[in-house]
Amino acid sequence: MRLATTFSDPVLRALTVATLVATTGRGISLTLVVLYLTLVVGLPPAQVALLFTIGAAVAVGASYLGGRLADRWSARRMLVASMVVTGVALLCYVLVTGFWSALAVTVVVGAGIAWSGSVRAAIIARAFSGPARVTSRAVLRMVTNIGISLGAGLAAVALAVGSPLAYRVVLAVGGVAYAACALLLTRLPSTVDAARVVERSADGTVPGRSPWRDPRYLAFTALASVFAIQFGLAEVGVPLWLAHDTVAPEFLLSVMLITNTVLVIVLQVPLSRGTHDFRRAGAVTAVSGVLMAVACVLYGASGGAALAAAVVLLLAAAVAHAFAEILSQAGAWGLSFELADPDRAGAYQGVYSMGFSVASLVAPLVITVTALDHGLAGWLVLGGLFLASAVGVTAIAFAASTATRRPAAIS
């Protein structure tokens, strides 16, 4: 599927426009919620951190449950409902007055986002095949980056004004935008639902192999989830490292973030092509592991460097990190679809998404006990962890390729 003809498909067109609207709202909340809870509501930082830790823990279960139920119920209706609920919950941040109300909202938001992500992946698995699946995920990731950037720009209005009313108005806009995208998703055709939404076997179960009885898929998910810690590195580890362990100016973080966003928007789609093939997916994953290890070395080296050298090292690390992110996602998407049992697409995508939720939960701890606590030595350990996980995924991909070609050669 070429990008030029991508939007002729009604499923991807609906998902793309809805994703742009939803992630614009999400970009607003990502930028403002933490500051709103601390500066306006008055919660101490420790309580805010606890809120998001609990929200991430709830998201782990919601990721799998959403995918699993997408094999039993209408994925279209589930996705529409989850987007409405999540949008209303985001809107409710403006009503938060203390810890417990903030906890209720954060739990619903975390569960809703994780749930809808698994359901969306199940829809893609059913609506497309082969290269079109990976291209669709790449397009949606590109659009996600655009939407979050737009949302962050709108959030800047509240930050510039600085009043509680400004925060609440812009947060409300974000919640409404997130919920409103559900209207666009009602255009999805019934073909994205599981073929057996109504039909059941005699005992009421869904046919196909359970992902929990598929050791190859579980191993792939575990290894891919280890590599997914790199998202936490970008969101938590690098900002803390730059601010406390290097002499680089803090505004450099914005430059690094913009660099990552631009590279993902421009390169995610072209660099994802062909990763529906096992060997191609394994090869790009191996390259991503090397690039991530290099990025960790560069990040670590910046800690003891002079100003100019630190800036150069951090920018080079950001570029290597961005390419590693793009390639690792491309390889993982292809494998997450091609290694799965098509009769249980939702359950398999739920397990895969659950792995990423676990990575989000443990990433701050892993990054702290390695890079942030031990400097360059810790960065080297972290880089080795990324490289080892990438090698493991590559081995699974190459083994799957060999197993697939062997029957064809015999016949």
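**View 1. Arg279 sits over the ring of Phe398.** Arg279 lies over the face of this ring, 4.2 Å from the ring centre. To count, CZ of Arg (or NZ of Lys) must be within 6 Å of the ring centre and within 35 degrees of the ring normal. A quick note for every view: this is a predicted model, where local features need pLDDT of at least 70 and side-chain atom pairs pLDDT 80 or more, while totals for chains, interfaces and linings use all residues. Residues are numbered from 1 along each chain as its sequence is written, and side-chain values use heavy atoms, without hydrogens or water.

**View 2. Tyr217 and Phe220 make an edge-to-face aromatic pair.** Their ring centres are 5.7 Å apart, with 70 degrees between the planes. Rings of Phe, Tyr and Trp (its six-membered ring) pair if their centres lie within 6.5 Å; planes under 30 degrees apart are stacked, over 60 edge-to-face, and the rest tilted. Both residues belong to helix 8 (residues 215-227), three residues apart, or about one turn. Helices here are DSSP runs of H or I, at least four residues long, numbered from the N terminus. Tyr217 is buried at 0% relative accessible area, and Phe220 is buried at 0% too. Buried means under 20% (1.4 Å probe, protein chains only).

**View 3. Ring pairs link five residues into a cluster: Tyr217, Phe220, Tyr348, Tyr352 and Phe356.** The structure holds ten aromatic pairs.

**View 4. Ile123 and its contacts.** Setting aside neighbours within four places in sequence, Ile123 touches Val11, Leu15, Ala75, Leu79, Leu188 and Val192. Contact means heavy atoms within 4.5 Å.

Terms used: Helices (H or I, at least four residues) and strands (E, at least two) are DSSP runs, numbered from the N terminus. Buried means under 20% relative accessible area, exposed over 50%, partly exposed in between (1.4 Å probe, protein chains only).
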